Amino acid sequence: MTEYKFVDHLAEYMKGQVAQLMTDHRDSLPQEFSDLPDDRVIALITEMATPILRKIEDDAIAAGIERVASLLRYSKKADK
């Protein structure tokens, strides 16, 4: 039996984005981060940011569904 491992690609993407941000903007990060190891800060920020991005993604899909449905309704009315 093949064992599949779930990879959360969005979380991995966010981890990379946060790591890059920490590298590029270390001087402008909050003072509270200075006492923590970088990998811990990256993990904490990723853990907080990923659900927010998922919500935005869900909202964007829902909005897209509504817009397509609206356009289809409009198109059907125009055909009559």
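Q: Which residues make up the largest nonpolar core here?
A: In this predicted model, that core has five residues: Val-18, Met-22, Leu-29, Val-41 and Ile-42.

Q: Which helices supply at least two residues of this core?
A: α1 and α2 each do.

Q: OK, what does Ile-42 touch?
A: Leaving out residues up to four places away in sequence, Ile-42 touches Lys-15, Val-18, Ala-19 and Met-22.

Q: And which residues of α2 are buried?
A: Val-41, Ile-42, Thr-46 and Thr-50. What covers them includes α1, residues 9-24.

Q: What's it touching?
A: Thr-50 touches Leu-10, Ala-11 and Met-14, again not counting residues up to four places away in sequence.

Q: Now Met-48. Is that one buried or exposed?
A: Met-48 is exposed, with a relative accessible area of 54%. Met-48 lies in helix α2 too, which covers residues 38-79.

Q: How far apart are Met-48 and Lys-15?
A: They sit 33 residues apart in sequence, and 11 Å apart in space, C-alpha to C-alpha.

Q: What span should α2 have, and what do its end C-alpha atoms give?
A: With 42 residues at 1.5 Å a residue, α2 should span 62 Å. The end C-alpha atoms are 60 Å apart, so the two agree.

Q: Switching to charges: how many salt bridges does the structure hold?
A: Four. One of them joins Arg-26 and Asp-38, with the closest N and O atoms 2.9 Å apart. That pair links distant parts of the chain: Arg-26 is in the loop between α1 and α2, Asp-38 is in helix α2, and they're twelve residues apart.

Q: What does Lys-55 pair with?
A: Lys-55 forms a salt bridge with Asp-59, the closest N and O atoms being 2.8 Å apart. Both are in helix α2, and because they're four residues apart, about one helical turn separates them.

Q: Why does that spacing matter for direction?
A: An α-helix has 3.6 residues a turn, so residues three or four places apart point the same way.

Key
Residues numbered from 1 in each chain as written. Predicted model: local features only at pLDDT ≥ 70, side-chain atom pairs only at ≥ 80, totals over all residues. Heavy atoms only, no water. Buried < 20%, exposed > 50% of the residue type's maximum accessible area, 1.4 Å probe, protein only. Expected span 1.5 Å × (residues − 1). Contact = heavy atoms within 4.5 Å. Core = buried A, V, L, I, M, F, W, Y, C linked by side-chain atoms within 4.5 Å. Salt bridge = Lys/Arg side-chain N within 4 Å of Asp/Glu carboxyl O.
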